[in-house]
Amino acid sequence: MSYRLQGSLLEVCTCKVLCPCWVGEDPDFVDCKSAMAWNFQEGQIDGVDVKGLTIGLAVFIPGNVLDGNWRVTMFIDEKATDEQAEAIQAVYSGAKGGPVKELVQLVGEVTSVERAPILFKVNEGKGTLRIADVAYAELEPYRSATGEVTTLSNSIFSTVPGAPAYVGKASKFTLKSEPLNVDLDIEGFNSIQSDFLFEHTCDDA
C-alpha cells in the first residue's frame, strides 16, 4: 500500500483567531464546527491518479481536538471516477495508514460519505471553498509588514502534518448540515491555509 498526495488545504471553523486547537487548547466556544478540504495538485494512491481532485469534510468537534470523537460528513469530488473515489476514501478512512491515518483516528463517527461538487480556489494566499450547498468560506491570510503570509509551525496538532499553516481569517463562513445539527452564517472567525505533502509506503510482504 502506498500513496503520495501533494496540494493545498483550506480550513475554517468557529474559533477565534488564532484557533486554539492547533496548540492543543480547548475550543473557544465549548465545541468547534468546521469545514476543511484538501485539493490534490499531484497525487497517486496505489497507482491510481487523483490529481486535480478534492476531498472535503464537514466537522463537529465536541471538545478538545486531541480528545477525538469528531463527527464528520465526508464529501468526495463529484469529478472522481468510482476507482478514484474508492482510493481517496480508503486513505481518509485510515485504511492506508501513514500521516492521514494519524489525523483521521480522531474521528469517532462518519455520518456519511457523499459525492459532491467542490469548488476549491487558492490565489496568492487567498482561498475560497464551496462544498455543494453545505459549506462556503472565503479566507484571507494575515501578512507581515513586508507582505509575507504569517505562518504557524511546529504545532502540537495539524491537519497538514509537517507543513507550516498560514494563519488567517474567514470573511464569510456558512455551514449547514442536518446530520451534524449545524446551521452557521458567520464572519471574521478563524481560517487556516497550507500546502501539504503526505507520503506513505507499506510493504505488505
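A word on the model. This is a predicted model, so local features need pLDDT of at least 70, side-chain atom pairs count only at pLDDT 80 or more, and totals for chains, interfaces and linings use all residues. Residues are numbered from 1 along each chain as its sequence is written, and side-chain values use heavy atoms, with hydrogens and water left out.

Now α1 itself. Helices are DSSP runs of H or I, at least four residues; strands are E runs of at least two; both are numbered from the N terminus. Buried residues in α1 include Gln84, Ala85, Ile88 and Tyr92. Buried means under 20% relative accessible area (1.4 Å probe, protein chains only).

Next, the cores. A nonpolar core is a set of buried Ala, Val, Leu, Ile, Met, Phe, Trp, Tyr and Cys residues joined through side-chain atoms within 4.5 Å. The largest has 42 residues. Ile88 and Tyr92 are among those with the most contacts inside it, along with Trp38 and Phe40. Elements that each supply at least two of its residues include α1 (82-92), α2 (98-104) and β2 (32-45). Leaving aside residues up to four places away in sequence, Ile88 touches Phe40, Ile45, Val50, Leu53, Ile55 and Ile76. Contact here means heavy atoms within 4.5 Å.

Last, cysteines. There are zero disulfides, a disulfide being a pair of cysteine sulfur atoms within 2.5 Å. For Cys13, the nearest cysteine sulfur is that of Cys32, 3.8 Å away. Cys13 is buried, at 1% relative accessible area. For Cys15, the nearest is again that of Cys32, at 4.1 Å. Cys15 is buried too, at 0%.

Key
Buried means under 20% relative accessible area, exposed over 50%, partly exposed in between (1.4 Å probe, protein chains only).
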